[in-house]
Amino acid sequence: MTIFQRVRSILFGIATFIAAILFIIFPDDGAYGWVIMTLFLGLTIRGLKCIIFYFTMARHMVGGKMILVQGVIILDFALFTGSISDVPKIYILLYLIGIHAFSGVIEVLRAMESKRTVAGHWKLKFSHGLVDFLLAILCMVFIRHQNTSLLIYSLGLLYSSVMRIINAFRKTTFILIE
Amino acid sequence: MQEDFHYYATYCAAFIAGYSHKESLDIAYSAQFVDVCSRTLLTKIRGPLDAATTQLKLELMEARTDPAGLQDITRIWSSFHFLPRDLLAEKKHCIKHYRDKFRLICGPNGDLVVKTVELAKGKALQSVGIAMHVLADTWAHANFAGTPSLVINNTNYVFYELFPDGESIKEKQIKFRHKASMPDDLENSIYTNSLYQSSENSIMNLGHGRAGHLPDYSFVRYRYLPAWGGYEEIIKDNPSDYLKAFTQMIYAMKYIRGDNDSFHTNVYDIEAIGQWQDRIKAIIEKRQLLASDDWKSFGEELSGETIEDFRIDKYFDEYIKSPRNEKNETFIGKFTRGAIAHKGMVIEEIYRTKNKLAGVARESFLAMLFKKDAG
């Protein structure tokens, strides 16, 4: 990671941290709309990027189909996210529970796989999966609360921003080729 | 490859090829200097930055990965450490950008190796050392490309170390970790590699980073799935490859010295090592992180002289204190000229195939390349 990328990562982390705090303090419908819009745009761009990368480059790569699958799932989530602005909040909560539980389980499974083939690099993945799973449980616990979805989303945002800032300071393992 | 092969084994090969002790040392020093001649070093000694033959870890971490930045990385790594095997290699049903990257995959016995050796003929010993580094790396770094690319250089969990056991071969799954500060654990087959990065142009996807230092160890045999190979496994037999690299270096240096009329691919001077073959094989197959001591004692037995350890700053003073118009005649001056000539040749050859991943050779490169007395 270059210094510029680190600075960018830290600034982005701080911005999302502030946004998350603002959402928690002022949980109104406007903030809720912003969350949906941001998720929709972010996921759409990421999904399309993966799909284009697959068809141009990764289809020749061992394991490249995973990139296509990833792209399609992300795009699917994006479109679904974009279409839920007018539905009752209970469905959004169920959606959030589904997303967090699913990605939590996947992340834990990936951590277990890493544990088998890559020594010492599974803990971060595992904790990430665990946090995702905990967020899903929190959604269940506070399902009756009016602004639960926004609160849970903000907590997730807080976690991501802190992780982003921590990662910006981490050393990146690099093999010096001789 | 590491200092053991680039310095000590190159010394042995040069001596067997007929060079004197002093000449062999100069060739070996130049071959090893390729691994340390970074822009940081050249800035320190006020040398030409175009002559950089490697990038330090810090330089790479700060390297840009926009098209111009990628060209800069590719110029250095494809020229000196991952010489492409076949610049016209075909891959069906792919776009040009993928094919351009595919064509940069390194391997031995390609046309560019011939051009590299031919370019060093009639030049200074420093150019011979550079050519020997490049040639040796085509064996060690085969199947990886000197450009950042996930779709070419990635590897996955299919990675097994192979242990010949009589007529059969035992396998052990290799475990990777991402702790560069810890030495590889040979006993338990635990090696350090670069992190998986899903970004195509991440610097983590340069060369053999995803396979760790496995290609650099002469003793290791392993099988794995290269990202570009269409699910066909590759069995990498380093002991066999390193022996070929050693004997091809002898053959190449005999050509450069004028003992052979021409340099052809797939020719190895096995005869030249006849009486030492078992000794050399034993060094190559010995399970150790660095074989410098073994190669050194073999080299000292060969020549009867003491082989000094590689000292990076051996020629710094000579270069720094020389007047500007005499710098070209110093050891490092000759090295930098040889490096620029070689880099210019490789960039030009890549560009000639309409592949722009390494950019265009600047006029200064070409002027140097076509200058008759580059020595």
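Helices (DSSP runs of H or I, at least four residues) and strands (DSSP runs of E, at least two residues) are numbered from the N terminus. The model is a predicted one, in which local features need pLDDT of at least 70 and side-chain atom pairs count only at pLDDT 80 or more, while totals for chains, interfaces and linings use all residues. Residues are numbered from 1 along each chain as its sequence is written, and chains are lettered from A and ligands numbered from 1 in the order in which they are written.

**Figure 1. The end of helix H7 and its buried side in chain B.**
Just after H7(B), Gly122(B) adopts a positive phi of about 80°. Within helix H7 (residues 111-120) of chain B, the buried residues are Leu112(B), Val113(B), Thr116(B), Val117(B), Leu119(B) and Ala120(B). These residues lie on the same side of H7(B), because they cover an arc of only 160° around the axis. The arc is that of the directions from the helix axis to the C-beta atoms. A residue is buried if 20 or more other C-beta atoms lie within 10 Å of its own, exposed if 12 or fewer, and partly exposed in between, with C-beta atoms placed from the backbone. An α-helix has 3.6 residues a turn, so residues three or four places apart point the same way. The cover over the buried residues of H7(B) includes helix H8 (125-140), H10 and helix H14 (331-352) of chain B.

**Figure 2. The open sheet of chain B.**
Four strands form an open sheet in the order E2-E1-E5-E6 (chain B), with antiparallel pairing. Two strands pair if DSSP finds at least two bridges between them. The edges are strand E2 (168-173) and strand E6 (234-237) of chain B, each of which pairs on one side only. On average, neighbouring strands of this sheet are turned by 30° against each other, direction ignored. Helix H10 (residues 238-257) of chain B packs on the sheet, where it touches E5 and E6 of chain B, and its direction makes about 55° with that of E6(B). Axes are lines fitted to C-alpha atoms, for helices over the stretch in contact, and angles run from 0 to 180 degrees between N-to-C directions. Two residues are in contact if their C-beta atoms, placed from the backbone, lie within 7 Å.

**Figure 3. Strand E1 and its two partners in chain B.**
Strand E1 (residues 159-165) of chain B pairs with strand E5 (residues 221-224) of chain B in the antiparallel sense over 3 bridges. Here Glu161(B) stands opposite Tyr222(B) in E5(B). E1(B) also pairs with E2(B) in the antiparallel sense, over 6 bridges, and Leu162(B) has Glu171(B) in E2(B) as its bridge partner. E1(B) and E2(B) form a hairpin with 2 residues between them, and Gly166(B) in the turn has a positive phi of about 65°.

**Figure 4. Two loop residues of chain B with positive phi.**
Ser189(B) is not a glycine, yet its phi is positive, at about 55°. Ser189(B) is found in the loop between strand E3 (175-177) and strand E4 (190-192) of chain B. With 19 other C-beta atoms within 10 Å, Ser189(B) is partly exposed. Lys354(B) likewise is not a glycine and has a positive phi of about 65°. The loop that holds Lys354(B) runs between H14 and helix H15 (363-369) of chain B. Lys354(B) is exposed, with 9 other C-beta atoms within 10 Å.

**Figure 5. The surroundings of Ala28 in chain B.**
Ala28(B) is found in helix H2 (residues 21-33) of chain B. Ala28(B) is buried, with 30 C-beta neighbours inside 10 Å. Leaving aside neighbours within four places in sequence, Ala28(B) is in contact with Tyr7(B), Thr10(B), Tyr11(B), Ala14(B) and Gly129(B). Ala28(B) and Ala9(B) are 19 residues apart in sequence, and their C-alpha atoms are 8.1 Å apart in space.

**Figure 6. Phe77 in helix H3 of chain A.**
Phe77(A) has its place in helix H3 of chain A. Phe77(A) is buried, with 21 other C-beta atoms within 10 Å. The C-alpha atoms of Phe77(A) and Leu39(A) are separated by 9.2 Å, the two residues being 38 residues apart along the chain.
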